[in-house]
Structure formats: structure tokens, C-alpha cells
Amino acid sequence: AFEKQCYDAFVSKKVHVSIYHKEVISALRSLGLDPKEEVLTPKGFSLDAFVEVDGKEVGVRVDGPHLFMGRARGAPVGRTSLKRRLVANVEGIVLVSIPHWVWKKLGGDCFKHQN
């Protein structure tokens, strides 16, 4: 009863799909991958995408500026670090993070208006 209420509250967060997220998904497709978008893991963690690479499923996180200290190239904020550890250690999922500054350096259109 209470455990279910907690789980339901945990997984009920509304998902916002950004232009950055859409660009990353498009890039994964252009690489010949077939990403499953907005995946909820068995324990209730949301991942931006799941892809299969060499027969292994890999979780993908599209990490925008709000997930880092100072909104720059700093360390991930606490909730981001915790989620990464929990997904890897509790779920056993290999997780790949695509930080916003890496995407910008690769020429992501969504950041062209920023300095």
C-alpha cells in the first residue's frame, strides 16, 4: 500500500522532451541504432533512451545544463550523481551520459544560439 504509493509518486513525473533530446535521438538513429525513447526501468528510473549495441542494452541520458553545478562543465548535481549510481548499481544498466557541452562541441543545433 504505502510502498506502491511511493513508487507511483516516484514514476509520475511528467517528461519534457527538449530539442537537445530530439537531436540526440535523431543522431542515434543516423548511426543505425533503434533507440527506445523515454524508458522507465523496472525500479522506476526514467532514461532518455535505451539502445542495443553489440547485443547489450545501454541506457542513454541527455544531460542538459541544469544537471551540472554552475550550469557549466562542473560536476553533476547530487541528484544526477545519485541517479547514475542507482541505475548502474541497482538496475545493473550500463548508462551513457551525453553532457550538453559535448553535444555543443559536436555541433548540436540546439546550442548554436548560446555563447
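Predicted model: local features only at pLDDT ≥ 70, side-chain atom pairs only at ≥ 80, totals over all residues.
A pair of aromatic rings is described by the distance of the centres and the angle of the planes. The count of aromatic pairs comes to one. In that pair, the ring centres of Tyr-20 and Trp-103 lie 6.4 Å apart and the planes meet at 40°, so the arrangement is tilted. Because Tyr-20 belongs to helix α2 and Trp-103 to helix α4, the pair ties together parts that are 83 residues apart in sequence.

The two partners are set out below.

| Residue | Helix | Helix residues |
|---|---|---|
| Tyr-20 | α2 | 19–30 |
| Trp-103 | α4 | 100–105 |

Helix α3 comprises 12 residues (78–89), which at 1.5 Å a residue should span 16 Å; the C-alpha atoms at its ends are 16 Å apart, in agreement. Within α3, Thr-80, Lys-83 and Val-87 are the buried residues. They cover an arc of only 65° around the axis, which places them on the same side of α3. An α-helix has 3.6 residues a turn, so residues three or four places apart point the same way. Gly-78 and Asn-89, on the other side of α3, are exposed. The cover over the buried residues of α3 includes β2, β3 (56–63) and β4 (94–99).

Strand β2 (residues 46–53) also runs antiparallel to strand β1 (residues 36–40), to which four bridges join it. Lys-36 has Phe-50 in β2 as its bridge partner. The two strands, β1 and β2, form a hairpin with five residues between them, and Gly-44 in the turn has a positive phi of about 100°.

Note on methods
Residues numbered from 1 in each chain as written. Heavy atoms only, no water. Pairing = 2+ DSSP bridges. Expected span 1.5 Å × (residues − 1). Buried < 20%, exposed > 50% of the residue type's maximum accessible area, 1.4 Å probe, protein only. Arc of directions from axis to C-beta. Contact = heavy atoms within 4.5 Å. Phe/Tyr/Trp six-rings, centres within 6.5 Å; stacked < 30°, edge-to-face > 60°.
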